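Reader: Could you take me closely through one part of this model, namely the surroundings of the ligand and the strands that lead away from there? I would like the cut-offs stated as you go.

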Amino acid sequence: MLKRRDFLKSSALTALIPTSDWSDNYLANTDKSVTEPKRQLSIVQETDVIVCGGGPAGIGAALSAARSGAKTTLIEVHGCLGGVWTASLLSNIIDHEGKTGIMKEIIDRLDATDAQYTAKKYDAELMKWTLEQMCKEAGVEVRLHTRVTAAYKDKNNKIDYIATESFSGREAWKAKVFIDTTGNGELAARADCGFDMGEPQTGKVQPMSLMVILSGLNEDDLVKAGYIKGYGKDGSPSETGKKKLHAEILKIGIDASYTMPSFFSIRPDMVALMVNHQYGVLASDAAAISQATIEARNEVNKIIDGLRKLGGIWSKVRIVTTAAQIGIREGRRIHGLYSLTKEDLMRGAKFEDGVCTVNFVVDVHSLVKGEGGGYGNNGVIMKPYQIPLRSLIAKDVNNLMMAGRCISGDFYAHASYRVTGNAVPMGEAAGKIAAKAALTMRLPKEIKWNEV
Ligand SMILES: Cc1cc2nc3c(=O)[nH]c(=O)nc-3n(C[C@H](O)[C@H](O)[C@H](O)COP(=O)(O)OP(=O)(O)OC[C@H]3O[C@@H](n4cnc5c(N)ncnc54)[C@H](O)[C@@H]3O)c2cc1C
């Protein structure tokens with residue numbers, strides 16, 4: 001078994017398979033370890049489908065599994081549903097246009113509750129409420145504040161039960177089918193699935209960003225100064241506006257770690273801002289993520305304090321809140337029955353079992369600041385392509401599916417399909433298949449896409 005410190009040093013982070021006793025702390029200190037005593041765990045639930053992770057993909061999965069008639073539980077570590085949408089304050093939905101099903105339903109619900117200021121921007125607080133209500137109406141059992149920490153398999157190479165840690169201590173949960181929607185492939189890694197992470201040549205991952213919500217800025221001023229394209233539904237940042245904002249921040253003596261800082265207008269008097277990049281942080285390294293969060297919050301505060309002192313349109317700007325969870329762009333890509341490749345993107349691949357059409361470009365944020373600190377497609381030009389169901393079915397464990405950014409694909413494919421307008425339909429497809437499998441006592445790979 002490759003040890004974690006070798007893993008971190010490794011330049012090509014490919015197919016590094018931890019064991020079920022895998023623990024970050026244990027592997028970080030391989031010379032020093034303790035043996036946990038055995039203990040009995042109470043089984044809190046035996047159900048049809050358990051969805052681990054309540055982000056955009058998890059919401060799609062849980063809603064569709066429950067609506068397909070399966071008893072469904074959604075387990076989420078944060079105190080709200082939505083993942084990067086809410087705990088990370090994203091505020092901007094990409095590639096939802098033309099999508100039907102649950103993605104469209106969420107957009108319509110947001111519109112109806114005034115949570116959506118524009119076609120793509122939303123108020124993260126109202127998103128939390130909307131998602132909770134949708135899950136409640138569909139009969140999804142939601143467990144918040146609960147982290148999935150282990151998976152134990154039976155002799156048929158199926159996950160028999162998972163373990164969680166929460167306010168109630170350590171608990172066990174059984175299901176017929178599990179879906180990993182943790183973004184970082186946490187459940188699959190605990191269940192010994194193979195995975196890839198980072199760029200193949202260097203192992204480097206896309207940077208993390210801490211989103212921030214600001215008050216005290218006037219939409220009118222931002223439009224006139226060119227930071228955002230226009231009013232209401234046009235409240236996206238313009239390319240020239242991003243460069244202008246970076247130059248403005250340079251005036252206060254800070255070279256922002258993200259060189260294309262972007263405002264997203266979410267109300268006439270409220271904007272979301274993405275202004276930092278934390279480079280070289282692996283989604284499996286808790287200490288590095290902690291450090292990155294503290295550094296990011298420091299940078300963001302210094303930038304906003306500095307801008308306020310410049311006066312003018314900035315004179316009243318204040319941070320309302322920074323995200324509780326730093327935004328993680330890239331984690332494990334779990335091995336599935338099919339791995340999407342950049343060649344698939346370039347030829348606009350269509351599949352018999354295609355579950356979602358992706359229209360979003362390859363979007364790789366600089367892996368190191370020296371690459372410019374912005375983003376680009378690294379020469380990979382995609383045509384609209386489909387994600388096959390097989391990329392959502394784990395190769396190494398029989399009753400496990402994935403949806404969202406942890407599905408099976410290469411570095412460039414991930415850089416395109418990872419956005420939330422695709423995470424939801426992937427989840428919706430996984431939920432349907434998982435429900436069918438659970439209710440008919442079959443494995444996900446035995447269900448044909450046209451059956452659902
Ligand atoms: C800074 C940043 C900017 C981005 N910009 C955009 C954008 O403008 N528009 C867009 O559409 N997309 C954007 N993306 C991409 C998009 O947000 C993600 O790829 C998307 O959220 C993926 O959805 P997901 O459900 O797979 O993962 P996530 O949103 O990460 O959700 C995973 C969920 O699982 C939970 N979880 C994790 N581990 C566990 C565990 N062990 N136990 C229980 N729960 C767990 C998490 O708390 C989270 O709620 C951006 C991403 C980042 C980081």
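Author: What follows describes the shell around the ligand and then the strand pairing. This is a predicted model, in which local features need pLDDT of at least 70 and side-chain atom pairs count only at pLDDT 80 or more, while totals for chains, interfaces and linings use all residues. Residues are numbered from 1 along each chain as its sequence is written.

The ligand is surrounded by 36 residues, a residue being near a molecule if its C-beta atom, placed from the backbone, lies within 6 Å of it; the closest are Gly53, Gly55, Gly83, Gly327 and Gly404. By class, this shell holds 15 nonpolar, 15 polar and six charged residues, where Ala, Val, Leu, Ile, Met, Phe, Trp, Tyr, Cys and Pro count as nonpolar, Asp, Glu, Lys and Arg as charged, and the others, Gly among them, as polar. At least two shell residues come from each of helix H3 (56-67), strand S4 (147-153) and helix H12 (420-439), with helices (H or I, at least four residues) and strands (E, at least two) taken as DSSP runs numbered from the N terminus.

Strand S4 runs antiparallel to strand S5 (residues 159-166), and six bridges join them; two strands pair if DSSP finds at least two bridges between them. Within this pairing, Val148 has Thr164 of S5 as its bridge partner. S4 and S5 form a hairpin with five residues between them, and Asn157 in the turn has a positive phi of about 60°. S5 in turn pairs with strand S6 (residues 169-180), again in the antiparallel sense and over six bridges, with Glu165 opposite Arg170 in S6. The hairpin that joins S5 to S6 passes through two residues.
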